[in-house]
Amino acid sequence: MLRVVTETVPDPGPLLPYAEPGTPLVALRRGDGIVGVGETLRLEYRGPDRIAEAAAQWRSVSDLAHVDDPVRRPGSGLVAFGTFAFADDSGATSTLIVPELIIGRHEGVSWVTRLSVEQGGLEPVSTPLPRPIGERPRATLAASSLSRDAFMGVVSEALTRIRGGELEKVVIARDATARIPADSDRRALVDELAQAYPDCLTFAVDGLVGASPETLVNVHAREASARVLAGSTARGANAADDAAAAATLATSTKDLDEHAFAVQSVLQSLRPHARAVTASELPFTLKLPNLWHLATDVAIELGEQSSALDLVAALHPTAAVAGSPTADALALIAALEPFDRGRYAAPVGWIDQDGDGEWVIALRCATVDADGLLTAHAGAGIVADSDPEAELAETRMKFRPIADALR
Ligand SMILES: C=C(O[C@@H]1C=C(C(=O)O)C=C[C@H]1O)C(=O)O
């Protein structure tokens, strides 16, 4: 049985220095969020039911836990950080990790949570001191299994299948690798991402590090929201070009179609879990430092029993990262991409004892293994009138958050 105690503390300042240099556990947005230290419990999953199994097991863990949480903020009390594999047959392990200690802040309220499996009283764990973040590792991200020409070939093949009527949309990704010193401070990469992409969720869970703009689902007090992204274009070089780029994106039939598939797939997956689901009719343009995206926010009124992980299980994989129809898109990805996506394009986030939590799609991210091998992925949605050259350029822009963090 888990015993969990949350207490308010004076503002601890920047949260990231409290994380562990080699194995940070982080979920931060605009400086607020949670950082975990140590590991009280690690649950692992594989196979087609990995997310549903995690959702069910988390329910039993939470039911049995003894939680004392007077703070009641997103991320206070019992929390597990989690990361899942993209594909049913992936070699990557999906995990839920309950830390020994969590340091969090939400809108001016700060807390420390101690989590333990001890019987009886809770052993006091000393609050860690912040440790200065080490030097940022520098490296060049280089294309790995798909060269430029190979990627264009794969996109052309995907286009042939789409134009032949086999499917409507497929997201094709590339992989890229870099080497950083095995003992480098992983928090330096997290810090760089958090500073460059403050509005994204910056995460680090079990070696997966990134800053994602795409909220799969955010659940708090039976209300949930999601942000669907699909349809992208480069930022303009000056204000006029930039405004023109956004206007072109907002009126591009190709991008609006691609976006509509993604929104429909999210609405369909959510309906069984919701009393009400609402999305605006037209997407808006979301400005990121590296890209414009078409975006739609979805509001969900949850049914009694659904937890954030139930919704994640229902939503993954969305058309934004797989394609449409889902089964055909997944089969084509497996046939055309010469690598295992690992945890790229899959859910990453956290869940609490009430089933609340924040989950994003692992995009603009990389896995860093114990030896310092870093593997990043970036993809683009292919629809009938996609241009392979433009899709290649789009993947380059999507590698930028990781490439720039290493520069
Ligand atoms: C697949 C990625 O991004 C997804 C695909 C998008 C697109 O095709 O326009 C936009 C945002 C994401 O949903 C990625 O970042 O690797």
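The questions and answers below go from the whole chain to single residues.

Tutor: This is a predicted model, in which local features need pLDDT of at least 70, side-chain atom pairs count only at pLDDT 80 or more, and totals for chains, interfaces and linings use all residues. Residues are numbered from 1 along each chain as its sequence is written.

Student: How many helices and strands does the chain have?
Tutor: Helices (H or I, at least four residues) and strands (E, at least two) are DSSP runs, numbered from the N terminus. Counted in this way, the chain has eight helices and 23 strands.

Student: Which feature does UniProt place at residues 148-398?
Tutor: Over residues 148-398 the chain is 35% helix and 35% strand, with the end C-alpha atoms 15 Å apart. UniProt positions are given in the numbering used here, feature names are shortened, and annotations may be inferred rather than shown by experiment. The UniProt record, an unreviewed entry, gives these residues as "domain: Chorismate-utilising enzyme C-terminal".

Student: Which residues have the most contacts inside the largest nonpolar core?
Tutor: A residue is buried if 20 or more other C-beta atoms lie within 10 Å of its own, exposed if 12 or fewer, and partly exposed in between, with C-beta atoms placed from the backbone. A nonpolar core is a set of buried Ala, Val, Leu, Ile, Met, Phe, Trp, Tyr and Cys residues joined through C-beta atoms within 7 Å. Buried residues make up 52% of the 407 residues in the chain. The largest nonpolar core has 125 residues, and those with the most contacts inside it are Val 26, Val 217, Val 228 and Val 312.

Student: Leaving aside neighbours within four places in sequence, which residues is Val 26 in contact with?
Tutor: Two residues are in contact if their C-beta atoms, placed from the backbone, lie within 7 Å. By that rule, and with the sequence neighbours within four places left aside, the contacts of Val 26 are Leu 16, Ala 19, Val 35, Val 190, Thr 202, Phe 203 and Ala 204.

Student: Which elements do the buried residues of H6 pack against?
Tutor: Helix H6 (308-315) is mostly covered, since eight of its eight residues are buried. Val 312 is one of the buried residues of H6. The elements that the buried residues of H6 pack against are helix H1 (50-64), strand S14 (215-220), S15, helix H5 (253-270), S20 and strand S21 (357-361).

Student: Which residues come nearest to the ligand?
Tutor: A residue is near a molecule or strand if its C-beta atom, placed from the backbone, lies within 6 Å of it. Strand S11 (169-179), strand S15 (223-234) and strand S23 (373-382) are the elements that give two or more residues to the shell around the ligand. Of the 18 residues around the ligand, those that come nearest are Ser 232, Ala 320, Leu 363, Gly 379 and Gly 381.

Student: Where is the proline that a cis peptide bond joins to His 316, and what is omega?
Tutor: Most residues other than glycine have a negative phi, and most peptide bonds are trans. Pro 317 is in the loop between helix H6 and strand S19 (323-324). The cis peptide bond joins His 316 and Pro 317, with omega about -5 degrees.

Student: Is Ala 345 buried or exposed?
Tutor: Ala 345 has a positive phi of about 65 degrees although it is not a glycine. Its place is the loop between H7 and strand S20 (347-352). With 26 other C-beta atoms within 10 Å, Ala 345 is buried.

Student: What distance separates the C-alpha atoms of Ala 234 and Trp 292?
Tutor: Ala 234 lies in strand S15 and is partly exposed, with 17 other C-beta atoms within 10 Å. Not counting residues up to four places away in sequence, Ala 234 touches Ala 245, Leu 291 and Met 397. Ala 234 and Trp 292 are 58 residues apart along the chain, and their C-alpha atoms are separated by 6.2 Å.
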